[in-house]
Number of protein chains: 2
Amino acid sequence: MNSLPSHPGPPVTVLGAGLVGSLLALMLAQRGHSVQVYEGRPDPRRAGYTGGRSINLALSERGWLALERAGMAAPVRELAIAMHGRMMHAPDGTLTFQPYGQAGQAIYSVSRGLLNQALTHAAEQAGASFYFGHRCRRVDLEAHTISLQTTNHQTKELAYLGPLFGADGAFSALRQALQRTDRFNYSQQYIDYGYKELTIPPGANGQHQLEKHALHIWPRHNYMLIALPNPDGSFTCTLFFPFEGETSFASLTTPAQVQAFFAAQFADAQALMPDLVEEFFANPTGSLHTVRCGPWVRGQAALIGDAAHAIVPFFGQGMNCGFEDCRILTELLDQQPSDWPAVLAAYQQQRPPHADAIGELALANFLEMRDLVADPRFLLRKKIEAQLHARFPQHWVPLYTMVTFSHLPYAEALRLGQRQEAIMRAVMQDPTLTADNWEQRLDLAALAQQMATAG
Amino acid sequence: MNSLPSHPGPPVTVLGAGLVGSLLALMLAQRGHSVQVYEGRPDPRRAGYTGGRSINLALSERGWLALERAGMAAPVRELAIAMHGRMMHAPDGTLTFQPYGQAGQAIYSVSRGLLNQALTHAAEQAGASFYFGHRCRRVDLEAHTISLQTTNHQTKELAYLGPLFGADGAFSALRQALQRTDRFNYSQQYIDYGYKELTIPPGANGQHQLEKHALHIWPRHNYMLIALPNPDGSFTCTLFFPFEGETSFASLTTPAQVQAFFAAQFADAQALMPDLVEEFFANPTGSLHTVRCGPWVRGQAALIGDAAHAIVPFFGQGMNCGFEDCRILTELLDQQPSDWPAVLAAYQQQRPPHADAIGELALANFLEMRDLVADPRFLLRKKIEAQLHARFPQHWVPLYTMVTFSHLPYAEALRLGQRQEAIMRAVMQDPTLTADNWEQRLDLAALAQQMATAG
């Protein structure tokens, strides 16, 4: 999409030049808006990429649609590696591959840093102005000013004359200001698990040492290791692990303990991790939390992306949800291009329930990933659901598919998923149902019919 | 209790000289601790009482026990007016009295300002130092400093060398600092109802114009008015009312609308409110929220009272719960007088679940007060429960009694209350059960037995 002639509307201020802030700036600049973006980190094109704690991400359908609307799907596809399913690693090294969807469906591993740079660059090309090294410390919602701290420790006060978007992440300065206003609901809830990033480097010839086109999971009930492929032949691994308890970050305090634990649980991964011990003790242990808040909009100020709805990473939807925020906001803007109050009111009306829903789904998917994917009954259930989907695609779409490969609003996916869960729990209660007899024993049409009546 | 000789332990810093801060300072000073209290408001003994939004409160058993431990029960009883039950006012002016408990049981209306002054004065007498006009703006948990703003706009930085208690209320500065630490869970949730304080002045001879020894309620399903007696013959009334909607603060915008609404709904109260319209438009509309957070303790810093667990006022337990915090904390301190880390760890271990429980009970009691007390089926149910309690006092204690007239931990009261709720919901499902036949039809021993097995 080419830039339109300059829009007569007020200038737009965006806090944060992360993934969502950059995409939003791009989409608004493409519509002719004057856009200023303030970002605390230095320009990654000069300083190298420094921020953000997770170095790769899984792009799925919702993210792609937003990128397409911004004309960015093609360039981003160059950076992305398709992952067609989950490759599960048993303790003895046995591999089980489970496709994510139908043939051709995949989620895409992409480097956060490269994606961010591509979006920032495109937004600048479209006319947005980026001010790196300008961290927003305080927003005065009454005076309509933002207080910026520069990398050389100067403080600047700026007035914002038009809409102010807080795309400034899970610890948003705009949200802190909103939290001090009357009747602002807010919640931040941590889970008892932390994470640690580790690396499987490329092989001697630069090749991937595990199947490249899969998301690898080592599910171990109370914890798990995952690995996503990078273009340079490496994998970024993440250990999701309890902070406290018998087997936990607190209990692994020596190199010998770490080696013994990996030898027992992740021997095949350990064999590919020459720097395991160094990385384990050098890399920080991250924490994981869910933010829910509202209203997102007060006057001209609005939250978007993680600032509005930080979620845990277990459904791979954090970025995708933030990109969908941008897509929906700009659709509303296209319906009434010169009426920001109406656009923001509609955004506040429509979007928060879906952020709540994906927040809930993301928490629930942790249980599925760490626990259930290692369970033969779970695999049988997935097989039955896949068959239901294949035979009755109108009435039975697996939850994972609704979330990952569709644009169905998240709250609707949550509702239908809960209905499926009730139906499948009843089916799986029969202990005599097995992989050998389910096709004879189950009336799939009747099960699909139950979903059909669920609307 | 007389002051003990000076305690060898570290000095204790308390933020906030409200009800909980003052009682805590008193109880610690009585144990020989050196206590400094910093309060943003001016000294009420010089400036008159200015802070706090609710001018009277209902003291009940938990509050009294804490006051007794501090040697303050007798002086406070001088200030308090017993309320033996709820006096319900129907739209046509019909009165129904419902005792709160057994004969002699009562809750006590007390002026927040007078109670606060009595506690502050006693704490000073016991050796605590109070610094009024010193508002804590910021706590640095790493550097162990607090930043205080004085009434003449100076800023002071002070180091705290021992325990730091945040008794600084629903908008606590200490809690704001904790919220920025990793893995701190926090939630603030507003309800859609606001409140407005109104006055029924004393009669011509200074007498109370409604029954003095009752808490008056005008339950109107979607909203309610309440009134508590003051020693000067007046009543403080509070209207709990939706912010938005057909009948709401937003819909009553003219004096004529207010008068017409009160005439239709609260005619008997309106007749006693000569300044209704002036007060309605002059007094602020307050908002109501619940704060849940944790952990309350980080290092030497600990939250107490509303700072840890602001709750809605509908069970009359906000102050009582804060006073119980002080009672339990000092019991722990008496068990291990010179080990603050152990005391704070035990406090953090024991207390938060009970604050969560009373927060939930307070939200639920709003429904009961505004809605159910006006319902004849509800009154029948209360009668049955009262009889169950009279005949089987070991096994059936009404929820209100457990919360208000006992020291049973709140979480236990919540659990038993939920069990009673399930039993009574089943009983009341029979539409043919009436006030005339329930004594013949119900097997009370069997109902009580169901509770007995609930432990």
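Colleague: What is the mean pLDDT of chain A, and how many of its residues reach 70 or more?

Modeller: Happy to start there, since this is a predicted model. As a general idea, where pLDDT is low, the predicted coordinates should not be read in detail. Here the mean pLDDT of chain A is 93, and 95% of its residues reach 70 or more. For the complex, the predictor gives an ipTM of 0.85 and a pTM of 0.89.

Colleague: Thanks! Which domains does the assignment give for chain A?

Modeller: The assignment lists domain 1 (12–81 + 111–187 + 288–362), domain 2 (192–287) and domain 3 (375–452). Taken over C-alpha atoms, the centres of domain 2 and domain 3 of chain A are separated by 32 Å.

Colleague: Let us turn to a helix. What span does helix 14 of chain A reach from its first C-alpha to its last?

Modeller: Helix 14 of chain A, residues 376–391, has 16 residues and reaches 23 Å, close to the 22 Å expected at 1.5 Å a residue.

Colleague: Which residues of helix 14 of chain A are buried?

Modeller: Here is the general idea to keep in mind: an α-helix has 3.6 residues a turn, so residues three or four places apart point the same way. In helix 14 of chain A, the buried residues are Phe378(A), Leu380(A), Arg381(A), Ile384(A), Glu385(A), Leu388(A) and His389(A). Their packing partners in chain A include strand 5 (85–89), helix 13 (352–370) and helix 16 (410–428).

Colleague: Could we look at one of them? Is His389(A) buried or exposed, and what does His389(A) touch?

Modeller: His389(A), placed in helix 14 of chain A, counts as buried because its relative accessible area is 11%, under the 20% cut-off. Leaving out residues up to four places away in sequence, His389(A) touches Gln102(A), Trp396(A), Val397(A), Pro398(A) and Thr401(A).

Colleague: Now a residue in chain B. Where is Leu361(B) found, and which residues is Leu361(B) in contact with?

Modeller: Look in helix 13 of chain B, residues 352–370, for Leu361(B). Leu361(B) is buried, with a relative accessible area of 4%. Setting aside neighbours within four places in sequence, Leu361(B) is in contact with Phe315(B), Leu399(B), Val403(B), Tyr410(B) and Leu414(B). Take Leu399(B): Leu361(B) and Leu399(B) are 38 residues apart along the chain, and their C-alpha atoms are separated by 9.5 Å.

Colleague: On to strands. How many bridges join strand 5 of chain B to strand 6 of chain B?

Modeller: In general, the side chains of a regular strand alternate between the two faces of the sheet. In this case, 5 bridges join strand 5 of chain B to strand 6 (residues 95–99) of chain B, and the two run antiparallel. They form a hairpin with 5 residues between them, and Gly93(B) in the turn has a positive phi of about 95°. On another side of the story, strand 5 of chain B runs parallel to strand 14 (residues 215–219) of chain B, joined by 3 bridges. You can follow Met88(B) through both pairings: Thr96(B) is its bridge partner in strand 6, while Ile217(B) stands opposite in strand 14. Strand 5 of chain B (residues 85–89) is also mostly covered, with 5 of its 5 residues buried.

Colleague: Which residue in the turn between strand 10 and strand 11 of chain A has a positive phi?

Modeller: That residue is His153(A), with a phi of about 65°, in a hairpin that has 4 residues between its strands. Strand 10 (residues 145–150) and strand 11 (residues 155–159) of chain A pair in the antiparallel sense over 5 bridges. Ser147(A) stands opposite Glu157(A) in that pairing.

Colleague: In what order do the 6 strands of the open sheet in chain B come?

Modeller: The order is 8-2-1-12-19-18, and the pairing is mixed. Strand 8 (129–131) and strand 18 (297–298) of chain B are the edge strands, each pairing on one side only. Strand 2 (residues 35–38) pairs with strand 8 of chain B in the parallel sense over 3 bridges, and there Gln36(B) stands opposite Ser129(B).

Conventions
Residues are numbered from 1 along each chain as its sequence is written. Chains are lettered from A and ligands numbered from 1 in the order in which they are written. This is a predicted model: local features need pLDDT of at least 70, side-chain atom pairs count only at pLDDT 80 or more; totals for chains, interfaces and linings use all residues. Side-chain values use heavy atoms; hydrogens and water are left out. The expected span of a helix is 1.5 Å times one less than its number of residues. Buried means under 20% relative accessible area, exposed over 50%, partly exposed in between (1.4 Å probe, protein chains only). Contact means heavy atoms within 4.5 Å. pLDDT is the predictor's confidence in each residue, from 0 to 100. Two strands pair if DSSP finds at least two bridges between them. Domain bounds come from an automatic or database domain assignment.
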